[in-house]
Amino acid sequence: MSLPQPNRPPGPPASRLVAIWVPDWPVVALTLDARRQRRHHRARQGDIHLPDPATEPVAVVGAHGVLAAASAPARSTGITTGMRLRTARSLCPGLIVLHPQEEREARAFETVMEALTSLLADPIVARPGLALSGAKGPAAWAGGEDVLAEAVAQEADVECQVGIADSLSGAVLAARQGIIVEPGRTPDFLAPWPLDSLLDCLSLRRLRRDARPLLETFARLGLRTLADLASLPRKDVAARFGLMGEQLHRLAAGTHHEAPAMTRPAQDIVVTSTLDPPVERADTAAFAARHLAETLAARLLSEGLTVGRLAIEARCADGAELVRTWMLETTPTTMELTDRVRWQLEGWLSGRSGRPPSSGLTHLS
């Protein structure tokens, strides 16, 4: 017996989203750091030498000894993402193996985000290696979605793939194929994708870790594709599998929503710190970031709110402002908030944006 088709929301899509995905971002981030090290002549005796993935076989190994990313020289030996480390080493005995470093990946991604701001008004960091933005305005300015996608790919300054669709999951998975999904066709595009593709649409590592057991449960229940999950009544999925089940169902259905999709409070919740004297070192700013994160987490908990977007704003002594937005779509922990503020500050203060602060930071929000 075939499963019923997922419900299609009536009318035109409420929004269009563009996703920018950098394949093998952990390796690309290492490449950018290696180039930056050479550019600034920092490879002095005693410094940590960074392998150059452009010329050396490098792989980043994730959980359970599975390759999360690989450089081009590594791939040329037959190594692929998802391969077991033992198999990869048998193909390439000289493989340089590294563990994921979220801090480096986040810092380096500021280079890409700054480049995107020339075309996108407010690009959002979904996670290092994946950015999102509304597509309607930029596409109208560029002269069409296809023109926008080509311009974004060229402007990003790294090899990337661009996808545009009606929903968050649609845009992210469209970027995996580097295509534009026609308005109103996002549910059809999503229908044949396997369930584990939803992991690509979750911003936090914790959410991806929590979602895996639930996806395995769905598979044991006979669900194989996003269409299978989307065909079930959402209220029944939410009642049986909780908030995570509801979130996965929403992503599978590809219904129209902005990034992120949740009820916005009457006012933004803002916590601010004055930095006196002005701060020029990221490790010093991290102390203020920790206090702000604890305060914000406490306020969110007391008001029972989840976070759609985390906007990090810094103001310099000369009046210049630096702003970057991260997508969370959950109730973040204090550490998750602190990490993102610290990563962002390090990206700015190290000059990875291409426009480092010209004076110390005096305010942080």
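Is phenylalanine 241 buried, partly exposed or exposed? With a relative accessible area of 21%, phenylalanine 241 is partly exposed. Here, buried means under 20% relative accessible area, exposed means over 50%, and partly exposed is in between (1.4 Å probe, protein chains only).

Before going on, a word on what you're looking at. This is a predicted model, in which local features need pLDDT of at least 70 and side-chain atom pairs count only at pLDDT 80 or more, while totals for chains, interfaces and linings use all residues. Residues are numbered from 1 along each chain as its sequence is written, and side-chain values use heavy atoms, with hydrogens and water left out.

**Aromatic pairs**

Searching the whole structure turns up four aromatic pairs. Rings of Phe, Tyr and Trp (its six-membered ring) pair if their centres lie within 6.5 Å; planes under 30 degrees apart count as stacked, over 60 as edge-to-face and the rest as tilted. One of the pairs is tryptophan 25 with phenylalanine 109: the ring centres are 5.1 Å apart and the planes sit at 75 degrees, so this pair is edge-to-face. It links distant parts of the chain, since tryptophan 25 is in helix α1 (residues 25-39) and phenylalanine 109 is in helix α4 (residues 102-116), 84 residues apart. Helices (H or I, at least four residues) and strands (E, at least two) are DSSP runs, numbered from the N terminus.

Phenylalanine 218 and phenylalanine 241 also form an edge-to-face pair, with 5.1 Å centre to centre and 85 degrees between the planes. Phenylalanine 218 lies in helix α9 (residues 205-220) and phenylalanine 241 in helix α11 (residues 234-253), so the pair ties together parts 23 residues apart in sequence.

| Residue | Relative accessible area | State |
|---|---|---|
| Tryptophan 25 | 3% | buried |
| Phenylalanine 109 | 2% | buried |
| Phenylalanine 218 | 1% | buried |
| Cysteine 201 | 2% | buried |
| Cysteine 316 | 3% | buried |

As for disulfides (a pair of cysteine sulfur atoms within 2.5 Å), the count comes to zero.

**The nonpolar cores**

A nonpolar core is a set of buried Ala, Val, Leu, Ile, Met, Phe, Trp, Tyr and Cys residues joined through side-chain atoms within 4.5 Å. The largest one has 91 residues, and Ile20, Leu116, Leu248 and Leu364 have the most contacts inside it. Helix α12 (residues 282-303) gives the most to this core, with eight residues. Another core, of 11 residues, lies apart from it and includes Ala70, Met83, Cys92 and Leu95.

What does leucine 116 touch, neighbours within four places in sequence aside? Leucine 116 is in contact (heavy atoms within 4.5 Å) with Ile20, Pro123, Ala131, Val152 and Ala156.

**A look at helix α12**

Back to α12: it has 22 residues and reaches 31 Å from its first C-alpha to its last, close to the 32 Å expected at 1.5 Å a residue. That expected span is 1.5 Å times one less than the number of residues. Among the buried residues of α12 are Ala282, Ala285, Leu292, Leu296 and Leu300. The buried residues of this helix pack against β8 (273-279), β9 (307-316), α13 (334-349) and β11 (361-364). Just after α12, glycine 304 takes a positive phi of about 65 degrees.

**One more leucine**

Leucine 91 sits in helix α3 (residues 85-91) and is partly exposed, at 38% relative accessible area. Not counting residues up to four places away in sequence, leucine 91 touches Thr77, Gly78, Ile79 and Met83. Its C-alpha is separated by 7.1 Å from that of isoleucine 79, 12 residues apart along the chain.
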